[in-house]
Amino acid sequence: MRCGTLLAQGVRLGPDGALVFSVTGLVLAVPAALLPFVSAGKLGAERISLLFTGVTSLWETGMRALAVLVFLGGWLLPVLLLAALALLHASTRLGWRQFDFRTVRRAVRVLEHWAIPEVQVLAVLVALMKLGSVVVVTVGSGFWFYCAMVLSLLIAQRSFEFESADRSLSTGGSDAGFPP
Amino acid sequence: MNLRSARARFKSTSASAALALAAAVMLVPANLLPVLSTASSGRNRSDTIFSGAVELWQQGLWVLAIIVFTASILIPFLKLLGLAWLLFSIRRGVAGNARRLTRVYAALDFIGRWSMLDVFLVAFLTGLVRFGELSTVTPRGGIVAFAAAVVLTVLATRAFDPRALWPAAPLSPA
């Protein structure tokens, strides 16, 4: 609360919990990218899709900018965000006061706007329901790893927002970008 | 308000206005051109964003139709209207509405990302539904225009500095 206004609300994990979720998310990103995401079958023909199958298909059809956008927003930037959050939480936990992490903090603020894996999860769910009447679809383990990665990211991110709000109050608002 | 602060405000609002205008232009082909085409058992069908939502509704998938309509049609337009409102408010003078307008900005900033739903949907369907003669989904030009419009609206929101809504707040140039 500040000036009668709620600045942040959520689960306060502390640096240990936040670090655990950041690292967990990073680990989960690997099987999410490598294991079968969804398989679809129609009249005996079966097709197994990985996380990046859509990206490669877009690339092959000549929509390269779109392929890059989907790859960045759906996987690479979330992974970079998790890595940045892990670094920040580790620095808090291990007391690395000799390093200046302002650049990493700024990077997190930028990445938060472009890392949108939760939108990809919703898109896949919409597609699965849409395709359900046309082809036989089976969700693979890669999709569940991806969902777990997204959940880990959201929790780690939420904790970072908390710490940022706390820091903002203690430093007179300069960290949040607003004047005190 | 000092000169530096006034310049920074002008730079923030004019960049945001330019990006929002570009997004509005891109939304025209995004909504008129087909975003994907489906070839299934010899039948070809092309869908725009709107006809895709209508098809879901006709299939009885009302919740999905509402989700797609909200994310792909309603949110981009609401975002542009909201940004226009903020920019005009600054031009006319915020006069006591700063707190409410800041909440509007926070809401616009949050909802923008969900417009990417259709882009991910088309990417996923393009990768999965490739059964040759039986059934194939192909992306079409409309989705590129739509993705450009969404990216531009996000950039427009990012370019807008909410401190411009608070006349007493000092604003350092970027």
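In chain B, strand β1 (residues 36-40) pairs with β2(B) in the antiparallel sense over five bridges. Strands here are DSSP runs of E of at least two residues, helices are runs of H or I of at least four residues, and both are numbered from the N terminus; two strands count as paired if DSSP finds at least two bridges between them. Within this pairing, B:Ala39 has B:Asn44 of β2(B) as its bridge partner. The model is predicted: local features need pLDDT of at least 70, side-chain atom pairs count only at pLDDT 80 or more, and totals for chains, interfaces and linings use all residues. Residues are numbered from 1 along each chain as its sequence is written, while chains are lettered from A and ligands numbered from 1 in the order in which they are written.

The chain B strands form an open sheet of three strands in the order β2-β1-β3, with antiparallel pairing. Its edge strands, each pairing on one side only, are β2 (43-47) and β3 (135-139) of chain B. The twist from one strand to the next averages 15°, where axes are lines fitted to C-alpha atoms, for helices over the stretch in contact, and angles run from 0 to 180 degrees between N-to-C directions. Helix α5 (residues 117-128) of chain B packs on the sheet and touches β1 and β3 of chain B; the direction of α5(B) makes about 140° with that of β3(B). Contact between two residues requires C-beta atoms, placed from the backbone, within 7 Å.

Chain A contains six helices and three strands, which follow the pattern α-β-β-α-α-α-α-β-α along the sequence. An open sheet of three strands in chain A has the order β2-β1-β3, with antiparallel pairing. The edge strands of this sheet are β2 (45-49) and β3 (136-139) of chain A, each pairing on one side only. β1(A) and β2(A) pair in the antiparallel sense over five bridges, with A:Ala45 in β2(A) as the bridge partner of A:Lys42. These two strands form a hairpin with two residues between them, and A:Leu43 in the turn has a positive phi of about 50°. Strand β1 (residues 38-42) of chain A is joined to the antiparallel β3(A) by four bridges; here A:Ser39 has A:Thr138 as its bridge partner. Among contacts in chain A between residues at least 6 apart in sequence, 73% join residues at least 24 apart.

The contact between the chains takes 34 residues from chain B and 34 residues from chain A. On the side of chain B that touches chain A, two or more residues each come from α3 (62-92), α5, β3 and α6 (141-159) of chain B. The largest share, 10 residues, comes from α5(B). This side of chain B divides into 25 nonpolar, five polar and four charged residues, with Ala, Val, Leu, Ile, Met, Phe, Trp, Tyr, Cys and Pro counted as nonpolar, Asp, Glu, Lys and Arg as charged, and the others, Gly among them, as polar.

Buried residues make up 35% of the 180 residues in chain A; a residue is buried if 20 or more other C-beta atoms, placed from the backbone, lie within 10 Å of its own, exposed if 12 or fewer, and partly exposed in between.

The predictor gives the complex an ipTM of 0.84 and a pTM of 0.85.
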